[in-house]
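Please examine the sequence and the structure before reading the points below.

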Amino acid sequence: MPSEKEFVLGTHDQEIARLAVQHRAWRPRALAAWQSAGIGPSQTVLDVGCGPGYASLDLAEAVGPQGRVVAIDKSERFLKAFEEARRDNIATYCADLENGEFPQIRAHAVWCRWVLCFVKNPRDVLANMLATRRPGSHDRRGFLAGLEIIARRTEAL
Ligand SMILES: C[S@@+](CC[C@H](N)C(=O)[O-])C[C@H]1O[C@@H](n2cnc3c(N)ncnc32)[C@H](O)[C@@H]1O
């Protein structure tokens with residue numbers, strides 16, 4: 001039986017490998033999205049529902065050693081999966097977004113890819129993301145750099 005913290009598609013090695021393939025396929029688009037959202041050196045960026053951290057690792061490159069990436073997921077196994085590859089400028093935060101758990105932090109941008117379709121309360125999760133926006137950073141839409149838009153939930157935006 002999966003634990004209550006386990007992702008519905010599983011957190012086993014096969015799923016970690018699948019997410020790696022998926023990230024490689026979409027990586028050029030992610031890099032372009034970050035560039036157009038103005039994500040760059042010295043910024044603090046949240047990777048919400050980071051999984052095994054493939055995007056977090058690339059974001060860590062984008063923000064550089066003076067920046068910071070906070071990688072958030074409910075799966076301890078996923079967070080552990082990228083422990084060895086993790087850069088000094090990445091911090092992890094284990095949280096169940098559906099329960100309103102969220103780090104008290106100020107960020108320049110939020111990346112959240114392929115996550116909102118798995119939570120029951122995307123509107124609340126979005127509100128928690130927006131609450132981290134630093135005064136003077138990007139406008140609301142630019143701030144939320146990587147939201148997937150699932151047709152029946154677009155009203156949450
Ligand atoms: C399809 S994976 C996407 C991983 C990563 N964002 C990426 O782009 O590769 C979905 C992720 O959302 C996380 N997730 C789903 N529901 C969550 C919740 N309620 N709280 C925190 N993380 C959650 C899962 O653990 C999983 O890592």
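The model is a predicted one. Its chain contains 5 helices and 4 strands, and helix H1 (13-36) is among the elements that contribute to the shell around the ligand.

**Overall fold**

- The chain has 157 residues, of which 36% count as buried.
- Among contacts between residues at least 6 apart in sequence, 65% join residues that are at least 24 apart.

**Helix H1**

- Helix H1 consists of 24 residues, and the distance from its first C-alpha to its last is 33 Å.
- This span is close to the 34 Å expected at 1.5 Å a residue.
- Helix H1 also bends by about 55° at tryptophan 26, and proline 28 follows that residue within four residues.
- After helix H1 comes glycine 38, which has a positive phi, near 80°.

**Surroundings of the ligand**

- The ligand has 20 residues around it, and those that come nearest are Phe7, Gly49, Gly51, Lys74 and Leu97.
- Two helices, H1 (13-36) and H2 (54-63), each supply at least two residues of the shell around the ligand.
- By residue class, the shell is made up of 11 nonpolar, 4 polar and 5 charged residues.

Methods. Residues numbered from 1 in each chain as written. Predicted model: local features only at pLDDT ≥ 70, side-chain atom pairs only at ≥ 80, totals over all residues. Near = placed C-beta within 6 Å. Nonpolar A, V, L, I, M, F, W, Y, C, P; charged D, E, K, R; others polar. Expected span 1.5 Å × (residues − 1). Bend = angle between axes of the 7 residues up to and from the residue. Buried ≥ 20, exposed ≤ 12 C-beta atoms within 10 Å, placed from the backbone. Contact = placed C-beta atoms within 7 Å.
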